[in-house]
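Me: Got a model open here and would like to talk it through. Can you keep it short and plain?

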Amino acid sequence: MPRTPHIAIPDLTGNLAVVTGASDGIGRVIATRLAAAGAEVIMPVRSAAKGQAAVEHIRGQVPDARVSTRPLDLSSLASVGGFAAGLVEEGRPIGIFINNAGVMQPPHRQVTTDGFELQFGTNHLGHFALTMGLLPLLRERGARVTHQTSIAARSGAIDWDDLNGETGYDVMRSYSASKIAVGLFARELDARSRAAGWGISSNLAHPGVSPTNLLAAQPGLGREKETGGRRMIRLTSHLGISGTVASAALPALVAATAPDARGDQFYGPSRTTAGRPVLLGEFWKPLQSSDDARRLWDVSERLVGARAGA
């Protein structure tokens, strides 16, 4: 089995961290490590049962962990708005915010509550709306925001004329586009923060390849059994070709906590699919256009604002 490289996480006592997708997999590892370093961790979850199981698991690893859940469905802008409004009302500044949750390869085209293609609507628009809703709390603490993209964003493009995949839908093209959007949003958030003096740093990570539950049986998505791809990933993980769930969490942890990490940086495993977490030399080609990043921001504002009644 491949080993998990050691990384040192600084003392995070006094930090409030929010981690999406922390009920299992990579997100749960991230939440556990943050709690072990002293941060208070809020885990927004869609399933209350899975969330409670994650809390119990983390407290089993870190007995004094300060960790809690809140209800959040990233495929519903009403749910996103309610979650963000609740935290803003509590008024506690957020120091670390990790946009980690995602959906991958539903067996057929599906849409969010608001009518967006499920992968684009959840992976990007849900996190865009959530980040905008939490912006006052992020600005107050000068938060570090880390976004989780995927190696699927190494190639492909956003189809600006068909963001919802309504013509010629292809599940992998849509997934790739959603993860390209995540990367472009990460870069534009940092650019706008620097220009406007928000004090937020926004960077990007990718986990490589690991046997998470993204491709497991998920009846809620219409997938009754795990995909062949997940079975192959389990094998390559065992052989050390791809990573483990624990090792896949490390790039985002470094991006979110390392004292020398900065905004508009990109972290990933040293061998693309696995390895120690490193600062990558450059952004992948689909993530390099500042014009695309600005365009995505403007489109996202219109889409989210229109559905939210703004």
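Me: What are the ground rules for the model?

Reply: This is a predicted model, where local features need pLDDT of at least 70 and side-chain atom pairs count only at pLDDT 80 or more, while totals for chains, interfaces and linings use all residues. Residues are numbered from 1 along each chain as its sequence is written, and side-chain values use heavy atoms, with hydrogens and water left out.

Me: Back to helix 4, where does it bend?

Reply: At Leu125, by about 30°, within a helix that covers residues 118-133. The bend is the angle between axes fitted to the seven residues ending at a residue and the seven starting there.

Me: Is helix 4 mostly covered or mostly open?

Reply: Mostly covered, as 14 of its 16 residues are buried. Buried means under 20% relative accessible area, exposed over 50%, and partly exposed in between (1.4 Å probe, protein chains only).

Me: At what angle do helix 3 and helix 4 pack?

Reply: About 25°, with axes 9 Å apart; helix 3 is residues 77-90. That makes helix 3 roughly parallel to helix 4. The axes are lines fitted to C-alpha atoms, for helices over the stretch in contact, and angles run from 0 to 180 degrees between N-to-C directions. Angles under 35 degrees count as roughly parallel, over 145 as roughly antiparallel, 65 to 115 as roughly perpendicular and the rest as oblique.

Me: And which residues make the contact?

Reply: Leu77, Val80, Phe83, Ala84 and Val88 from helix 3, with Leu125, Gly126, Ala129, Leu130 and Gly133 from helix 4. Contact means heavy atoms within 4.5 Å.

Me: How do helix 1 and helix 2 cross?

Reply: At roughly 45°, with the axes of helix 1 (residues 25-36) and helix 2 (residues 48-61) coming within 10 Å. That makes helix 1 oblique to helix 2. Arg28, Ala31, Thr32 and Ala35 of helix 1 meet Ala54, His57, Ile58 and Gln61 of helix 2.

Me: Switching topic: where is Gln265?

Reply: In the loop between helix 9 (250-257) and strand 7 (266-269). Gln265 counts as buried because its relative accessibility is 17%. A polar atom of its side chain lies 2.7 Å from the backbone nitrogen of Arg262. Leaving aside neighbours within four places in sequence, Gln265 is in contact with Asn203, Leu204, Asp260, Leu279 and Phe283.

Me: What about phi of Asp264?

Reply: Positive, about 55°, although Asp264 is not a glycine. Asp264 lies in the loop between helix 9 and strand 7 and is partly exposed, with a relative accessible area of 24%. Thr272 also has a positive phi, near 70°, and lies in the loop between strand 7 and strand 8 (277-279).

Me: Last one, how many helices and strands does the chain have?

Reply: 10 helices and eight strands. Of the 310 residues of the chain, 56% count as buried.

Methods
Helices (H or I, at least four residues) and strands (E, at least two) are DSSP runs, numbered from the N terminus. A polar contact is a pair of N or O atoms within 3.5 Å; within protein, one must be able to donate a hydrogen and the other to accept it, and residues adjacent in sequence count only if both atoms are side-chain atoms.
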